[in-house]
Amino acid sequence: MGDALEWFTNLYDQYYRNVLRYALQHAEQGQAEDVASETFLIAWRRSADVPDQALPWLLGVARNLLRKQTDAARQRRLIVDRITAMTSERDLLAWDTADHVIERAMALRALAALPDADVEALTLVTWHGLSAAEAAAVVGCSPRAFTVRLHRARRKLADQLAASHDAMVTTPAEGDHHEQDG
Amino acid sequence: MSKTDDPTRVMSDLKPLLLDDLAAQGYRHRRQADLATVAAARSTRFAEPERAVASRRRDRLFRGRLGWRLGVAVSAAAVLAAGIIVAVQSSAPVVLTAQLLADRASAAALAQPTVSPGQWVYRQIVVKWGPGSPNVTMNSWETANDAGFYGQWSNGNGYHHGFPDYFQLRSLPRDPAALDAYLENKSGGNGAPDVKAAAAFNDFDFLLSNFVLPPALQAEVYQALALLPGVRVNSHVTTIAGQAGVAFVQQATPQYSNGEIILNPSTYAYLAQANWAAGGSGFQEQAVKQMVLVAGPGSTQPSAAAPSAAQLLAEQAEQAEAFPPGSNGGQLASPGRWILRDLVTSSGDQTVWATADDSEQASYVNGKLRVCARSAACARSTQWLMPAGPAYKTVDPIPPERTASLPGVLAELNSYSTGCADVAGDCNAVNAIANVATGYGNLFDALDLPFLVLADIPGVTVAHVTDVTGRADVAFRFPFTDGVTEILFNASTYQFTGYVRSGTETVITKEVAVAGPGSLTPLTSPRVLHR
């Protein structure tokens, strides 16, 4: 039993923050913590089922818990709303120091134009560091299907960014505003 | 082509920096309770091959808010026969029914003295986490109002998020049948009657094993237990600690395992809780081997003396520091985070920016913002918020189990040279605590049990005072001739407010995380000390 607890403690210490980060994309802090904690309780009760590469499995459990709680209508815009809610002054400063031609708010608007499934695909890979195969395990599709979805999501985002960029260049007021901020 | 055309990079830059902080904060916030929860539950990884049963089993020890909701969503597939109170001991001259056991246990409870709110309770428990696992003994100290906790965490003590806390105990219904109905509905939701009864049994189990209950409430709990449908008695059980007992027994439902609440057969004192799934799998038990009123954390000597005013203040201050009011979503103080503080002193006001570990500080000098690092030449002429004391050692990611001894902490604090005269009287320790509380973004990153130590300083007294801002504070007063002679706490929230050093009072009126030196804009959900 000591071994089991040690195994669990290691699992928890290694991945709790990853799971919570993922949950925070879909839910407010308190609810996200509940989901993360419940995910690990499930991992404990079903520990025989937890694979050695545990993160995709854990995120899959968290995803199911989040889906259970959030009806489809509310979930539609939730990721972008959550990103907006968690954006702080530090992000704006960091964004300004990187050489982006586009404003962060515009990038966010471009992202908001994407279907949530695409946003999720992008975040799993870029924010949570999963490979396409691991991310596929989280969302429950084949790695090939996920790769296709990811490719499309990237292309759609690039299109949206280009559209935003064009709009910014042709709208002087927006451009001036950006100059002042920078 | 600009870099905005790289969607992967834009996507990765859109990740809010706060996300990592919030995740670290949640991790810190939840870890102890979550590990305690699983320690009391059962894993399938290293257990016997009943995993299908075990994994479907609603874990009755899980008490997260979400857990309750999921628990009641499962439909009851097999409804057990409605309970009739049954006597099981054929050789006993008097048939022990659930009602008779409840009557005797209630009478015994009512004969117990009321424990004063801040009283420390030492508990030694024996835990068996599953069949075949060894018995583990755990020692802990907690106050009979949740204000203080010290020692080893287990499911049976300490911080429980969810339901209920000492404060909420007061609002429970004062009638056994009403209490049953309340808990059945609260925890059993829209479940079938047997599910509701099992959920309420679960809560009683929780109340009895986690709290030092007021005698009247404890008596009521026993009466309410006997009224629950399906509850019967087993008059011959033995706890994992080898104690003979009599038990209230609740049979399993598809969502709840079998439960037992075991009492001493002659004194009817609470002994243990046990539970197991159908067929005896997943057996786990937690037995109370000792439960003693003591003078303070770390002590095992019985002492029913009510806690002193200094101890009560120290406990409240610890609690306020560990769980600051309204801190949900607040900022964790990573060492480099800048914190803006407004200080009001009896000789003038000051605004100081400092990193959470006080390694850099900034303030306006003649209208110009001067930023200074400890390593720079300007450090000598800077009045540091934390001039002497223990180093900031970020405890994230793993919060420490608080097992340091009070004398050990006191000795360590006395080893810092803070320039005060009454070294033998622990003035260094008091000064170091005031320094750390003023200058560090998170007290527990520097000190275990920071304020409990103060109650042990020889000659300490407690006084209600009005500070320089006109606010009501409660203060520790120390009989020193120099250095820190008072440490102030808000009289209603018990949060650290300031100190009196060499006759000058300093009160922190604002403490918020900001983006950098000179910034006046709080980062999201700042922790506000004073409102």
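Colleague: In chain B, what share of the contacts between residues at least 6 apart in sequence join residues at least 24 apart?

Modeller: The share is 58% in chain B. A contact here means heavy atoms within 4.5 Å. Bear in mind that this is a predicted model.

Colleague: And what is the figure for chain A?

Modeller: In chain A, 68% of the contacts with a separation of 6 or more come from residues 24 or more positions apart.

Colleague: What percentage of each chain counts as buried?

Modeller: In chain B, buried residues make up 56% of the 531 residues. In chain A, 54% of the 182 residues count as buried. The cut-off is a relative accessible area under 20%.

Colleague: Now the helix pair in chain B. Why are α8(B) and α9(B) called roughly antiparallel?

Modeller: Helix α8 of chain B covers residues 193-210, and helix α9 of chain B covers residues 215-227. Their axes cross at roughly 155 degrees. Angles over 145 degrees count as roughly antiparallel. The two helices therefore fall in that class. Their axes come within 11 Å, and the crossing is left-handed.

Colleague: Which residues of α8(B) and α9(B) meet?

Modeller: From α8(B) come B:Phe201, B:Phe204, B:Leu207 and B:Leu208. From α9(B) come B:Gln218, B:Val221, B:Tyr222, B:Ala224 and B:Leu225. Eight of these contact residues are nonpolar, one is polar and none is charged. Tyr is counted as nonpolar in this scheme.

Colleague: What does B:Val221 touch beyond four places away in sequence?

Modeller: B:Val221 touches B:Leu179, B:Phe204, B:Leu207, B:Leu208 and B:Leu213. B:Ala102 is 119 residues from B:Val221 in sequence. In space, their C-alpha atoms are 8.6 Å apart.

Colleague: On to the cysteines. How many disulfides are there over all chains?

Modeller: A search of the whole structure finds two.

Colleague: How do you know that B:Cys372 and B:Cys378 form a disulfide?

Modeller: Their sulfur atoms are 2.0 Å apart. The criterion is a pair of cysteine sulfurs within 2.5 Å, so this pair qualifies. The torsion about the S-S bond is about 105 degrees, which makes the disulfide right-handed. B:Cys372 has a relative accessible area of 2%, so it is buried.

Colleague: What makes B:Cys420 and B:Cys427 a disulfide?

Modeller: The S to S distance of B:Cys420 and B:Cys427 is 2.0 Å, and the limit is 2.5 Å. The pair therefore meets the definition. The torsion about its S-S bond is about 90 degrees, so this disulfide is right-handed. B:Cys420 and B:Cys427 are buried.

Colleague: What is the pairing of the bonded cysteines of chain B, in sequence order?

Modeller: The pairing is 1-2, 3-4.

Colleague: Which loop holds B:Asn366?

Modeller: B:Asn366 is in the loop between β11 (360-365) and β12 (368-373) of chain B. B:Asn366 is not a glycine, yet its phi is positive, about 50 degrees.

Colleague: Last one. How do you know whether B:Thr506 is buried or exposed?

Modeller: B:Thr506 has a relative accessible area of 8%. That is under 20%, so B:Thr506 is buried. B:Thr506 is in strand β17 (residues 504-514) of chain B. Leaving out residues up to four places away in sequence, B:Thr506 touches B:Leu343, B:Val344, B:Thr345, B:Thr497, B:Gly498 and B:Tyr499.

Technical notes
Residues are numbered from 1 along each chain as its sequence is written. Chains are lettered from A and ligands numbered from 1 in the order in which they are written. This is a predicted model: local features need pLDDT of at least 70, side-chain atom pairs count only at pLDDT 80 or more; totals for chains, interfaces and linings use all residues. Side-chain values use heavy atoms; hydrogens and water are left out. Axes are lines fitted to C-alpha atoms, for helices over the stretch in contact, and angles run from 0 to 180 degrees between N-to-C directions. Helices (H or I, at least four residues) and strands (E, at least two) are DSSP runs, numbered from the N terminus. Angles under 35 degrees count as roughly parallel, over 145 as roughly antiparallel, 65 to 115 as roughly perpendicular and the rest as oblique. A crossing is left-handed if the near helix is turned anticlockwise from the far one by less than a right angle, and right-handed if clockwise. Buried means under 20% relative accessible area, exposed over 50%, partly exposed in between (1.4 Å probe, protein chains only).
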